[in-house]
Structure formats: structure tokens, C-alpha cells
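Please consult the sequence and the coordinates alongside the text.

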Amino acid sequence: MELTRFQKRMLAVLAGMLVFFGVLMAVFRAHPGVLFEGGLLKITETEGQTVYSGKANGDPVTITVSWPTNFETDVDFTIGDQFHDVCQVFYPTERIQTERGDSVGGILVTKNGKTLFEGGYDPEDAFGWYSKSGEWAPSSSLGIRGYTVANTWWGYETAAADAVRFAFGPETSAHGDPALFSMAVFLTALTALEIVFHRTLFRWRHWGAQDPEPTETWLALERAGWAVAAAVTAVVYIAALSEIY
């Protein structure tokens, strides 16, 4: 099967996108970070500290975690020139008997010397927060956040949940959505098959006709369709790499 110059160029473009975006995907997934306020912070391990740094909402962010004692974790939040909060997480303290009949470790979270939360905490449960009397209190550690166009940090407050998340070691994420990337690869393969076997596919679509052959107008539309498909595939690749997963 002899391919035209345009077909070869289109196949080269598809192959180039697959290799280029595939390498970027591998690099991104190999360097995970921590999601914070829409930004991905890189992780740096130093002696006695873990530093999470990067940008969020256009401002530099540094979150430093240290462990002065076995039961205390210090979490220092620095966000541009706007916020500098020093949080301390004490866990476990005296156990708390919950309303469910079991018990969880006690926890004390302070910010700049003032108590943010004191009660019980179950690190295995994202909503495992309890008051000092044992009542379930999943929302007591959360802050209410708002946004404005002029100030993307409007309404931000470092909540107990933020301090505890970094104190316990947050889950990591990375740029690149594998599912969306797989869709882009599928579109690449589908477009390549259409380019290589377009005449065969044309005959299958017109199997009832005797010796069907595409017209020049049809071929021109096909070539335009390949270009559009390649452009759409490139957009899907970019969207896949832009997602934090």
C-alpha cells in the first residue's frame, strides 16, 4: 500500500505527538508533589524536616514540617507576603471515648499559639474528628473559603485539617491524568488507522456499490478531517498533562 506525502506527514505528526507527550507524561508522573490550593508543591527531604514548596494562586508557598518531639509536629505555612502561620500538632494525647462506643487518639492543634482544635482524631478516616466529649465533629476542623477576582486568597485561613494533613504526610499527586492520556493514545491510533486504510474503509462503507472509488472532493474532505482529528488529539494530550491526578 503506497502512501501519499500528505499521509506520511500526518502519520509522522501523530507519531511525534505520541512520543513527545508520552515522554512528558512519564517525567511528570515520576515527579509527584502535594496538591495545595490548586498548586502542586514539590517535596524536599532535609535532615529533620520535610519542605513542600511551589506556587499556588500565583504566590510562592513554602510549608515546612518538623518533629521536635515524638508527640509534636510543627507545620510552618508561608504564603507569599500574606500569610505566615506556625501550627503545632500534638498527637496522640489522652484518648477520647467516642459516641460510637470506641475510642480514638486525642489531638491538639494550635496556630500561632492559639488552639485551633482539641478533641479526638482517627487518622484512618478523613472525617474522623471528634469533640472532647466524643461527639462526631467532621466540620469543626475545616475553614470556609471564598474567592474574588482581585484577591484569590480572600477568605483563606489555615485550618486544623491543613496542619494535620501535612503533619501526617499528605497524599501525593502529579501532573498527568492516565485515563485522559489513554484516550488521547486511542484517538492517535484511530486517526492513524483512518489515514492508512481510508480507501479500504471507504469500500466497506459503500459495499453495495460495484468497485467504489472515492472522488477527489471526498479525498480532500478526508485530508481535512485527518488534520482536525490530529488537532483534537493534541488538545486531549495537553488537557491530560494539565490535569493533576
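A residue is called buried under 20% relative accessible area, exposed over 50% and partly exposed in between, with a 1.4 Å probe and protein chains only. By that criterion, buried residues make up 37% of the 245 residues in the chain. The model is predicted: local features need pLDDT of at least 70, side-chain atom pairs count only at pLDDT 80 or more, and totals for chains, interfaces and linings use all residues. Residues are numbered from 1 along each chain as its sequence is written, and side-chain values use heavy atoms, with hydrogens and water left out.

**Overall composition**

- The order of elements from the N terminus is α-β-β-β-β-β-β-β-β-β-α-α-α-α.
- Of the contacts (heavy atoms within 4.5 Å) with a separation of 6 or more, 48% involve residues 24 or more positions apart.

**The sheet**

- The nine strands form an open sheet with antiparallel pairing, in the order S1-S2-S3-S4-S5-S6-S7-S8-S9; two strands pair if DSSP finds at least two bridges between them.
- Strands S1 (34-36) and S9 (129-130) are the edge strands, each pairing on one side only.
- Eight bridges connect strand S5 (residues 72-79) with strand S6 (residues 83-97) in the antiparallel sense, and Glu72 stands opposite Phe90 in S6.
- S6 and S7 run antiparallel and are joined by seven bridges; in this pairing Val89 faces Val109 in S7.
- S7 and S8 also run antiparallel, with seven bridges between them, and Val109 lies opposite Phe117 in S8.
- S7 is mostly covered, with seven of its nine residues buried.

- The axes of helix H1 (residues 5-29) and helix H5 (residues 216-242) come within 11 Å and cross at roughly 5°.
- H1 is therefore roughly parallel to H5, a term for angles under 35 degrees, whereas those over 145 count as roughly antiparallel, 65 to 115 as roughly perpendicular and the rest as oblique.
- Residues in this contact include Phe6, Met10, Phe21 and Phe28 of H1, together with Trp226, Ala230, Tyr237 and Leu241 of H5.

**Nonpolar cores**

- A nonpolar core is a set of buried Ala, Val, Leu, Ile, Met, Phe, Trp, Tyr and Cys residues joined through side-chain atoms within 4.5 Å.
- The largest such core has 26 residues, and Phe36, Ile63, Val75, Phe77, Val109 and Phe166 have the most contacts inside it.
- S1, S3, S4, S5, S6, S7, S8 and H2 each give two or more residues to this core, and the largest share, five residues, comes from H2.
- Not counting residues up to four places away in sequence, Ile63 touches Phe36, Leu41, Thr50, Val51, Tyr52, Val75, Asp76, Phe77 and Phe166.
- A second, separate core of 15 residues includes Met17, Met25, Ile195 and Leu241.

**Backbone geometry**

- Tyr91 and Pro92 are joined by a cis peptide bond with omega of about -5°; Pro92 is in strand S6.
- Glu37, in the loop between S1 and strand S2 (39-46), has a positive phi near 50°, although the residue is other than glycine.
- Glu37 counts as partly exposed, at 25% relative accessibility.
- Asn57, in the loop between S3 and S4, likewise has a positive phi, near 55°, and is partly exposed with a relative accessible area of 30%.
- The hairpin of S6 and S7 has five residues between the strands, and Gly101 there takes a positive phi near 100°.
- The hairpin of S7 and S8 has two residues between the strands, and Asn112 there takes a positive phi near 50°.

Terms used:
Helix = DSSP H or I, 4+ residues; strand = E, 2+ residues; numbered from the N terminus. Axes fitted to C-alpha atoms, helices over the stretch in contact; angles between N-to-C directions.
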